[in-house]
Amino acid sequence: MTSNAILAWQERRSVLWHYIAPGKPQQNGFVGSFNGRFRDECLNEHLFRNLAHARRVIDAWRADYNTVRPHTSLKDMTPEAFAQHATKAYSKAQTLT
């Protein structure tokens with residue numbers, strides 16, 4: 001019943017809906033990896049008292065994940081540093097053309 005409600009909602013709002021094929025988790029490996037890490041490192045480690053507490057804890061985890069810890073997939077840079085590096089490289093390439 002939930003799936004039908006979600007499908008009706010996305011159809012009414014013209015939201016594109018993409019499924020991961022059954023038995024094909026590799027179709028969305030980045031999200032699967034992130035979700036596992038988020039669950040292991042944040043959700044499983046805290047008992048949230050209320051929604052405000054959950055938001056504070058999750059926001060602190062997100063900030064750490066994006067600004068403090070390096071990611072091997074980004075050549076050991078933080079996502080924030082990688083984005084700055086990519087922006088500089090893009091700007092430099094634009095001035096050369």
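**Exercise 1. Ser14**

Task: In this predicted model, is Ser14 buried or exposed, and where is it found?

Solution. 
- Start with the area. The relative accessible area of Ser14 is 65%.
- Apply the cut-off. Exposed means over 50%, so Ser14 is exposed.
- Ser14 sits in the loop between helix H1 (2-12) and H2.
- Check the backbone. Ser14 is not a glycine, yet its phi is positive, at about 55 degrees.

**Exercise 2. Lys75**

Solution. 
- Take the backbone first. The phi of Lys75 is positive, about 55 degrees, although Lys75 is not a glycine.
- Find the element. Lys75 belongs to the loop between H3 and H4.
- Read the accessibility. At a relative accessible area of 74%, Lys75 is exposed.

**Exercise 3. Two further residues of the H3-H4 loop**

Task: Thr78 and Val68 are found in the loop between H3 and H4. Which of the two is buried and which is exposed?

Solution. 
- Recall the limits. Buried means under 20% relative accessible area and exposed means over 50%.
- Thr78 has a relative accessible area of 11%, so Thr78 is buried.
- Val68 has a relative accessible area of 55%, so Val68 is exposed.
- List the contacts of Thr78, leaving aside neighbours within four places in sequence. They are Asn66, Thr67, Val68, Arg69, Pro70 and His71.
- With neighbours within four places left aside, Val68 is in contact with Ala63 and Thr78.
- Val68 and Ala81 are 13 residues apart along the chain, and 9.4 Å separates their C-alpha atoms.

**Exercise 4. The largest nonpolar core**

Task: Which residues form the largest nonpolar core, and which helix gives the most to this core?

Solution. 
- Name the members. The core has 5 residues: Phe38, Cys42, Val57, Trp61 and Tyr65.
- Assign the main contributor. H3 gives the most, with 3 residues.
- Not counting residues up to four places away in sequence, Cys42 touches Arg37, Val57, Ile58 and Trp61.
- Turn to Ile58, a residue of helix H3. Its relative accessible area is 29%, so Ile58 is partly exposed.
- List its contacts. Beyond four places in sequence, Ile58 touches Phe38, Cys42, Leu43 and Phe48.
- Ile58 and Asn28 are 30 residues apart in sequence and 22 Å apart C-alpha to C-alpha.

**Exercise 5. The largest pocket**

Task: Which residues line the largest pocket, and how many of them are nonpolar, polar and charged?

Solution. 
- Size the space. The largest pocket holds about 250 Å³.
- Name the lining. It consists of Phe30, Ser33, Phe34, Arg37, Tyr65, Arg69, Pro70, His71, Thr72, Ser73 and Leu74.
- Sort by type. The lining has 5 nonpolar, 4 polar and 2 charged residues.
- Find the main contributor. Helix H2 (residues 29-41) gives the most to the lining, with 4 residues.
- Link back to earlier exercises. Tyr65 lines the pocket and is a member of the largest nonpolar core. Arg37 lines the pocket and is touched by Cys42.

**Exercise 6. Confidence**

Task: In which helix is confidence lowest, and in which is it highest?

Solution. 
- Begin with the whole protein. The mean pLDDT is 86, and 96% of residues reach 70 or more.
- Confidence is lowest in helix H4 (residues 79-96), at a mean of 83.
- Confidence is highest in helix H3 (residues 51-67), at 95.

Notes:
Residues are numbered from 1 along each chain as its sequence is written. This is a predicted model: local features need pLDDT of at least 70, side-chain atom pairs count only at pLDDT 80 or more; totals for chains, interfaces and linings use all residues. Side-chain values use heavy atoms; hydrogens and water are left out. pLDDT is the predictor's confidence in each residue, from 0 to 100. Helices (H or I, at least four residues) and strands (E, at least two) are DSSP runs, numbered from the N terminus. A nonpolar core is a set of buried Ala, Val, Leu, Ile, Met, Phe, Trp, Tyr and Cys residues joined through side-chain atoms within 4.5 Å. Buried means under 20% relative accessible area, exposed over 50%, partly exposed in between (1.4 Å probe, protein chains only). Contact means heavy atoms within 4.5 Å. On a 1 Å grid over the protein atoms alone, a cavity is a set of points where a 1.4 Å probe fits but cannot get out, and a pocket is an open set with protein on both sides within 12 Å along at least five of seven lines; lining residues have an atom within 4 Å of a point. Grid points are joined across faces, edges and corners, and a volume is the space filled by probe spheres set on the points. Ala, Val, Leu, Ile, Met, Phe, Trp, Tyr, Cys and Pro count as nonpolar, Asp, Glu, Lys and Arg as charged, and the others, Gly among them, as polar.
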